[in-house]
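Biologist: I have a model open and would like to talk it through. Can you put it up and start with whatever term we need?

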Amino acid sequence: MTNDSHAINRQWADRIIRRTDPGFRHRWEVWSDAIEAMLNKQSVWIDVGCGANGMVAQLGHRAGRAIGTDIVPPEHPTSTPFVLMQPNTLPFADSSADLITLRFVAEHLNDVAGSFKEIVRVLRPNGHVMVLTTNTTSPFIALPRLLPFRLKNALLRTLFRVREVDVLPTFHRLNTPGAMRVVHPALQLVRLDFLQDANYTRRSIFLLFYAWHLATRPTAFQRFRTNLLAIWRKQ
């Protein structure tokens, strides 16, 4: 998809949003605001699974220190601080971070307990960990899980124009509200939001997902939205 096509689709979609639900906020807007609310000039922030390291590049100036980590280096390296590492072996000192974030990483964790043991070790008391991930309670997430990985890979690349290298195996071991409430005994869940994506890549996909957002506006149905945003505080 070209930048021009994406911009045209976004303008078209935004007109629909303004007419039907002006209060709608995209998941990345909610995520960015949640991070900003946690940061100050004394904060140490680690973004685990940072991908291109865009969040640290965008918001790192709000922290005293911010660094992105991932299992592969960014495709286009920059001067933004980055460390190559696995999520269950964080190369940071005990009680050294105020905020640790995982954006679309949790669904790929095979060893949730091991990864969160490391997160708890690195977090300072009263520090926070934030996760944005898929919600397997949603039919849009539950049904594709039944497909073989190769077929799911092909669908993601075709429908959402995702690069093959960016489609990783998923385990979904922390992807229900219930699992998030018991992730680690030292972590207290202080916020859990159900978010619905509205993708601009294809107009048909946008209409499908946005219609699901409208259908799940009643509180009783929000648990079926495609994404979960969770925030824990270390006790």
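Modeller: Contact here means heavy atoms within 4.5 Å. Keep in mind that this is a predicted model.

Biologist: Fine. What do the buried residues of helix 4 pack against?

Modeller: They pack against five strands: strand 1 (44-48), strand 4 (97-103), strand 5 (123-134), strand 6 (187-195) and strand 7 (227-234).

Biologist: And how many residues of helix 4 are buried?

Modeller: Eight of the 11, so that counts as mostly covered, given that buried means under 20% relative accessible area. The helix runs over residues 112-122.

Biologist: Which ones are they?

Modeller: Val112, Gly114, Ser115, Phe116, Glu118, Ile119, Val120 and Val122. Glu118 is on that list of buried residues too.

Biologist: Step back a bit. How many helices and strands are there in the protein chain?

Modeller: Eight helices and seven strands. The radius of gyration is 18 Å, close to the 18 Å that the globule rule gives for 235 residues, so the chain is as compact as a globular protein of that length. Along its principal axes, the C-alpha trace spans about 45 × 40 × 40 Å.

Biologist: What share of the residues is buried?

Modeller: 44% of the 235. As for contacts with a separation of 6 or more, 69% come from residues 24 or more positions apart.

Biologist: What about the surface and the charges?

Modeller: The chain exposes about 12,100 Å², and carbon and sulfur atoms supply 55% of that. There are 29 positive and 18 negative side chains, with the centres of the two sets 5 Å apart.

Biologist: New topic, aromatics. How many pairs does the structure hold?

Modeller: Eight aromatic pairs. In one of them, Trp12 and Phe206, the ring centres are 5.6 Å apart and the planes are at 70°, so the pair is edge-to-face. Trp12 is in helix 1 (residues 3-20) and Phe206 in helix 8 (residues 203-215), so to speak distant parts of the chain, 194 residues apart.

Biologist: Are Trp12 and Phe206 buried or exposed?

Modeller: Trp12 counts as buried at 17% relative accessibility, and Phe206 counts as buried at 1%.

Biologist: What about Phe140 and Trp212?

Modeller: Phe140 and Trp212 also form an edge-to-face pair, 5.4 Å centre to centre with 80° between the planes. Phe140 lies in helix 5 (residues 139-142) and Trp212 in helix 8, so the pair ties together parts that are 72 residues apart in sequence. Phe140 is partly exposed at 23% relative accessibility, and Trp212 is partly exposed at 25%.

Biologist: Which residues form the aromatic cluster?

Modeller: Trp12, Phe24, Trp28, Tyr200, Phe206 and Tyr210 form one cluster.

Biologist: I also clicked on Gln11. Where does Gln11 lie?

Modeller: Gln11 lies in helix 1 and is partly exposed, with a relative accessible area of 49%. Gln11 and Tyr200 are 189 residues apart in sequence, yet 9.4 Å apart in space, C-alpha to C-alpha.

Biologist: Last one, Arg27. What does Arg27 touch?

Modeller: Leaving out residues up to four places away in sequence, Arg27 touches Phe104, Leu195, Asp197 and Asn227. Arg27 is found in helix 2 (residues 27-38) and counts as buried, at 19% relative accessibility.

How values were computed
Residues are numbered from 1 along each chain as its sequence is written. Side-chain values use heavy atoms; hydrogens and water are left out. Helices (H or I, at least four residues) and strands (E, at least two) are DSSP runs, numbered from the N terminus. The radius of gyration is taken over C-alpha atoms; the globule rule is 2.2 Å times the number of residues to the power 0.38. Buried means under 20% relative accessible area, exposed over 50%, partly exposed in between (1.4 Å probe, protein chains only). Accessible areas come from the Shrake-Rupley method with a 1.4 Å probe; for residues, only the protein chains shown count as cover. Lys and Arg count as positive and Asp and Glu as negative; His and the chain ends are not counted. The place of a charge is taken as NZ of Lys, CZ of Arg, CG of Asp or CD of Glu. Rings of Phe, Tyr and Trp (its six-membered ring) pair if their centres lie within 6.5 Å; planes under 30 degrees apart count as stacked, over 60 as edge-to-face and the rest as tilted.
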